[in-house]
Amino acid sequence: MKLIRACLLMLAMALPAQAATDIREITSPGGITAWLVESPDIPFTALEIRFRGGTSLDAPDRRGAVNLMTALIEEGAGDLDAQGFAMARDALAASFSFRADEDAVAVSARFLTENRDQAVELLRKALQEPRFDVEALERVRAQVLAGLRADEKDPDALAGRKLMEMAYGAHPYGRSGDGTIDSVTALTRDDMLAAHRAALARDRVYVAAAGDITAEELGLIVDRLLGALPETGPALPGRAEFLLTGGVSVIDFPNPQSTILFAQSGIRQDDPDYFAALVLNEVLGGGGFASRLMTELRERRGLTYGVGTGLSILDQAEMLMGQTSVPNDKVDEAIGVIRAEWQKLATEGITEQELADMKTYLTGSYPLRFDGNGPLASIMVGMQMIGLPPDYPKTRNAKVDAVTMEDVRRLAAELVDPAGLRFVVVGQPQGVTPTD
């Protein structure tokens, strides 16, 4: 499953320090805001565009519409059919990607300076004049349906869908943005046109660019790409009520191993204790081989090859969650170990050494992972979407360093909820009694 949506958030938290001083906020002649890191050393530009809303805009009876529409955007546009569009893109040595998740439709473009005008015009056609040809619709629909059928045999996908359904109920987050076999089968070309109008609107757009491009050039490009899109889109979904309660759910699945998801309520990114929560998560299960769960489940007991936790943060909901896989006859033991570590963290907090180690990791590792115009543009657009200022990277590490032992222990007692921990097990676990 898409286990830790916070991965996108971590990108936003991880902007390399050397780029921090170069971030500029510009406004296009048409009034659209964009962030820019100018880097003329290489004749190449990365452009990122996000439209807030994503698959959560699907009507209940049109599930999967935004996802299918997004997959169709570059399958023909303007006077070019799917093959013609692909040939034109490849001839320019440009790359485009279009994808949708629960909260956004994301557009990524990469192009050389010498081909910028032609690449932008091709991207404009894709955004403003998608054809949604019947032949392309049927071909891409078949691919989506094949993925949905594969998900029915994928324990990770089954566990993820069950957990989200239990956590968020009737809210759009409680249903898969990919839709169902029935809903995707029923979608029409008119549904694609409606999804396009709803999802790609200027009142919810975020733009960032990095590379060989000036502020003036970017402003003109932004207006060229987005100026003709609808000014406003439909209302975004409201806050999701968190419905998950403690216990164990089991989905029978013939497999020698069981996939286990576990989750409880989480913390918002704008919470004053967010950085303390980052430290807690790293100690619990986010820190790889250094985490407590990895030590207890893998190193000491040999129950699994790996286990991880993360802060899953959506626009309107958040969870503290994790995932592992263990043999069916070890599931009960694994659940017991996870519960014990949850309880230990809630009641005892962490050690001074763990606090120091995780601060070092959080302040030192991220800048080493993200470099280049593409990652920079993606990071900047993510920063905008979660409400961070352009100068945030200058202060980010100081915020981590400011976390105290008192902060972490207080938050552990408030946030970590052993009684509210829900396990979703997909497999044929032995000795495990479901509680729902």
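Which strands does helix α3 lie across, and at about what angle does it run to β6? I opened the predicted model to find out. Helix α3, residues 65-72, lies across β6 and β7. Its direction is at about 175 degrees to that of β6.

**Entry: the sheet**

I traced the strand order next. The open sheet has 6 strands, ordered β1-β2-β8-β3-β7-β6. Their pairing is mixed. β1 (23-27) and β6 (95-100) are the edge strands. Each has a single partner, so one side of each is left without a neighbour in the sheet. From one strand to the next, the twist averages 15 degrees.

I then checked one pair. β2 (residues 33-38) runs parallel to β8 (residues 205-211), and 4 bridges join them. L36 stands opposite A209 of β8.

I looked up α16, residues 373-385. This helix lies across β1, β2, β3, β7 and β8. I noted an angle of about 150 degrees between α16 and β8.

**Entry: helix α9**

Which residues of α9 are buried? In this helix, residues 189-199, I listed D191, M192, A195, H196, A198 and A199. Viewed down the axis of α9, they fall within an arc of 165 degrees, so they line one face. I recalled that an α-helix has 3.6 residues a turn, so residues three or four places apart point the same way. D190 and R197 are exposed on the other side of α9.

Last, I asked what the buried residues of α9 pack against. The partners are strands β3 and β7, together with helices α3, α5 (116-128), α6 (134-151) and α8 (181-186).

Conventions:
Residues numbered from 1 in each chain as written. Predicted model: local features only at pLDDT ≥ 70, side-chain atom pairs only at ≥ 80, totals over all residues. Heavy atoms only, no water. Pairing = 2+ DSSP bridges. Helix = DSSP H or I, 4+ residues; strand = E, 2+ residues; numbered from the N terminus. Axes fitted to C-alpha atoms, helices over the stretch in contact; angles between N-to-C directions. Contact = heavy atoms within 4.5 Å. Buried < 20%, exposed > 50% of the residue type's maximum accessible area, 1.4 Å probe, protein only. Arc of directions from axis to C-beta.
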